[in-house]
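Me: Please take the structure shown below and work through its architecture in questions and answers.

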Amino acid sequence: MASRGLVLVLLASSFACGKLPTEVSHGGSSGDDAGPGAGGTPPVGTVTFVDGVTVSTLAGSDSTGSQDGTGSGASFDNPTGIALDGAGNLVVVDYDDAVVRLVTPQGVVTSVASATNFVDPFDVVVASDGTYYVGTDADATGTKTFTTGTVWQVVPLQGGGLATPTVVSAGFSRPRGLALAGGGALFVSDRDESVVDMQPTAASSPSLLAGISGSQGYQDGTGGAAQFNTPVGVAALPDGSFAVADSFNNRIRRVTSSGDVSTLAGDGTWALNDGPAASAQFARPSAVAADAAGNVYVSDIDNHRIRRIDTAGNVETIAGDGNASYADGPGNVAELYGQEGIAVTPDGKTLYVADGNGGDGSAHSHVRVIAIP
């Protein structure tokens, strides 16, 4: 792997072709992110719901598309990445339509960035100056292979209109998570290379931080002594480290800026179990987010639930009844479908979910809001 200057988490596929047999033409979890147990039902142990949680829909409808508008008058096409900007707006990336959207707290949706060569955007992070950074599966020519993952910069246009993304760094496989790091760098997860890297936000090449390129496994340690198995979502923690959804290991890992990797939660079993972090169980965790206190929120894809790891090291369930569907309501009866991107307000009271179709081509394309007491 070339040396890099952005932080990335990369993980290689165990198949020589880099894709799993269940892959479809979309980019969600039930496409080329499908993994152990995909399509089955994880065993369920103890489930502890947080009281008083409610789930509602901020924007999106049962029709796919890129229609701007308000609430159900707007449409998305498989939203996968979501982030909060400094004004409390949401930046959402539509994977299948390759458009970056802005959603206000009132549910007003506008398109803010796109280009013909900007293909298959998956995740997004917003810098303090309002700049967006987006990871795509395709390169600057719009070509998609196993080495075409690219990180782009988007500078929103003052007064509206579609901004044109520009390339920051190329040569990744599947950049699946981005987070802000110190010193003008990004922490990025590249699922198919099994590593994490650091890279300045200025155009340059990334450098390896931890993991072994092309090698899947589970091992805590430092740098090349650590291993991941399909890391996907990442989130910056208050102490300067990063939470990583180590998807096929069914664990949440912690990575420091010096490349020390440890396990934050999960015993590795593909299942559902709340309780102490060391014995908690996840089923293909995907996106992660963190509030200002350091609580970590997890989109637990195969369990179709949103979980929380609190600062005391306990895991509990925020929302989702376990069915892959769409329903608003109290947290324990609400239903989620794709849920590949999540973002949380600093106070931990409001969680946003990019609830797309998971790559199966269905019409599930909503932005959901979860209110937490």
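Predicted model: local features only at pLDDT ≥ 70, side-chain atom pairs only at ≥ 80, totals over all residues.

Me: Why is strand 5 described as largely enclosed by the rest of the structure?
Reply: In a regular strand the side chains alternate between the two faces of the sheet. In strand 5, Leu-90, Val-92 and Asp-94 lie on one side and Val-91 and Val-93 on the other, and both faces are covered. Strand 5 (residues 90–94) is largely enclosed because the number of its residues that are buried is 5 of the 5.

Me: Which residue in strand 6 is the bridge partner of Val-92?
Reply: Strand 5 is joined to strand 6 (residues 99–103) by 5 bridges, and the two run antiparallel. Their hairpin has 4 residues between the strands, with Ala-98 taking a positive phi near 55°. The bridge partner of Val-92 in strand 6 is Arg-101.

Me: Which residue takes a positive phi in the hairpin of strand 4 and strand 5?
Reply: Strand 4 (residues 79–84) pairs with strand 5 in the antiparallel sense over 5 bridges, and Leu-84 stands opposite Leu-90. Between the strands of this hairpin there are 5 residues. The one with a positive phi, near 90°, is Gly-88.

Me: What is the angle between the planes of Tyr-95 and Phe-122?
Reply: A search of the whole structure finds 3 aromatic pairs. Tyr-95 and Phe-122 form one that is edge-to-face, with the centres 6.3 Å apart. This pair links distant parts of the chain, 27 residues apart: Tyr-95 is in the loop between strand 5 and strand 6, and Phe-122 is in strand 8 (residues 121–126). Both Tyr-95 and Phe-122 are buried, and the angle between their planes is 85°.

Me: How many residues apart in the chain are Phe-118 and Trp-152?
Reply: Phe-118 and Trp-152 form an edge-to-face pair, 5.3 Å centre to centre and with 90° between the planes. Phe-118 is buried, as is Trp-152. Phe-118 belongs to the loop between strand 7 (108–113) and strand 8, and Trp-152 to strand 10 (residues 149–154), so that the pair links distant parts of the chain; their separation is 34 residues.

Me: Which residue has its charged end over the ring of Phe-122?
Reply: An arrangement of this kind is found at Tyr-218, where the charged end of Arg-251 sits over the ring, 3.6 Å from its centre. At Phe-122 the charged end lies 3.9 Å from the ring centre and belongs to Arg-176.

Me: Which residue in the turn between strand 19 and strand 20 has a positive phi?
Reply: Strand 19 (residues 251–255) pairs with strand 20 in the antiparallel sense over 4 bridges. The strands form a hairpin with 4 residues between them, and the residue with a positive phi of about 90° is Gly-259.

Me: How many residues does the largest nonpolar core have?
Reply: Those with the most contacts inside this core include Val-53, Ile-318, Leu-351 and Ile-372. The elements that give two or more residues to the core are strand 22 (285–290), strand 25 (314–319), strand 27 (341–344) and strand 28 (350–355). Beyond four places in sequence, Ile-372 is in contact with residues including Val-50, Val-53, Ile-318 and Leu-351. The number of residues in the core is 17.

Terms used. Residues numbered from 1 in each chain as written. Heavy atoms only, no water. Core = buried A, V, L, I, M, F, W, Y, C linked by side-chain atoms within 4.5 Å. Buried < 20%, exposed > 50% of the residue type's maximum accessible area, 1.4 Å probe, protein only. Contact = heavy atoms within 4.5 Å. Pairing = 2+ DSSP bridges. Phe/Tyr/Trp six-rings, centres within 6.5 Å; stacked < 30°, edge-to-face > 60°. Lys NZ or Arg CZ within 6 Å of the ring centre and 35° of its normal.
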